[in-house]
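Hi,

Here is the structure I promised to hand over. Please have a look before you read on.

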Amino acid sequence: MKSLLSIEQLTKSELTHLVNKAAELKKERGNHADQPLRGQTWAMIFTKSSTRTRVSFEVGIRELGGFPMFLSGNDIQLGRGEPVKDTARVLGRMVHGVVIRTFAQQDVVDFADYSKLPVINALTDDEHPCQILADLLTVQEKIGGWEGKKFAFVGDGFSNMTRSWMWAAKILGFELCVASPDSCKPPADFIRDLGADNVKICTDPKEAVAGAHAINTDVWLSMGQEDQKEKEAEFSGYQLNSKLLANASAGHIILHCLPAYRGKEISEELLEKQADVIFTQAENRLHAQKAVLVELASD
Ligand code: CP
Ligand code: NVA
């Protein structure tokens, strides 16, 4: 693996290896004697806000012996229109790897092409691969894995989170049912390219959560959609709350990548009831990303 640009690019063995490596690193926390990033500087270019991703990468890079260099997209010349391909070629001659959070997936792809560096997608409009790795580690820890389990995703059916989950389901073969309003269902060409019979799309959240072992949601308006407030009205009935979950499998868990908007995609009561799972999921970002960094550093 030279870069982590999407979940879509991974094979089943690469994806399971990263989750298992994350579990191993979690056990060894604070004891990485081999310091695989020793002497390395990793640039972190963020053109969108972040709490978890920024903190977990900064801590993770330091724990592995490297130096994280945070670069806000607004402060570097990229924010004043310097092309991605020029920024990439400059950084390619100075740092050892790059973590990028931005809008267009193509910018992350171009960055990897032009810089020749290992590049990690820290969220784009299309994908959030690091989050999915942390989610899968949480699933492994809390419900013993994904084999033979049913997963549901309720909310925006074509967000970066949903897309990455659909690719993970295709690669790993677990059942996933995505429930979203008609207006934000995954488009037919995406479903055709995905080509996964184990991924079902519906509009009824009750159908998606029936018998589910893990139920996932995310914000209704992703970063960059703040001016589409009217879209929120379409999500009425798609809130995760105890009533909706009455027919989920006994012992089900709730996943939320955070930040959460209580009273919108999830009720306050449910979020607090599932806080141990949801904040373990947030912590697991650190372990999952360290697994990716170790993998890229060793390539
Ligand atoms: N889940 C996630 O990526 O959180 P941040 O936006 O805070 O990084
Ligand atoms: N879909 C959300 C995820 C936030 C971590 C967004 O892109 O804003």
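Predicted model: local features only at pLDDT ≥ 70, side-chain atom pairs only at ≥ 80, totals over all residues.

Residues are numbered from 1 along each chain as its sequence is written, with chains lettered from A and ligands numbered from 1 in the order in which they are written.

**Ligand site**

Around ligand 1 sit Ser50, Thr51, Arg52, Thr53, Leu123, Gln131, Cys257 and Leu258. Here, a residue is near a molecule if its C-beta atom, placed from the backbone, lies within 6 Å of it. The shell holds 3 nonpolar, 4 polar and 1 charged. (Ala, Val, Leu, Ile, Met, Phe, Trp, Tyr, Cys and Pro count as nonpolar, Asp, Glu, Lys and Arg as charged, and the others, Gly among them, as polar.) Ligand 1 lies between domain 1 (12-127 + 285-298) and domain 2 (131-281), because both give residues to its shell. The domain bounds come from an automatic or database domain assignment.

**The sheet**

An open sheet has 5 strands in the order E7-E6-E5-E8-E9, with parallel pairing. Its edge strands are E7 (199-202) and E9 (253-256), each pairing on one side only. Strands are DSSP runs (E, at least two residues), numbered from the N terminus. Two of them pair if DSSP finds at least two bridges between them. E8 (residues 214-217) runs parallel to E9, joined by 4 bridges. Ile215 has Ile254 in E9 as its bridge partner.

Best wishes
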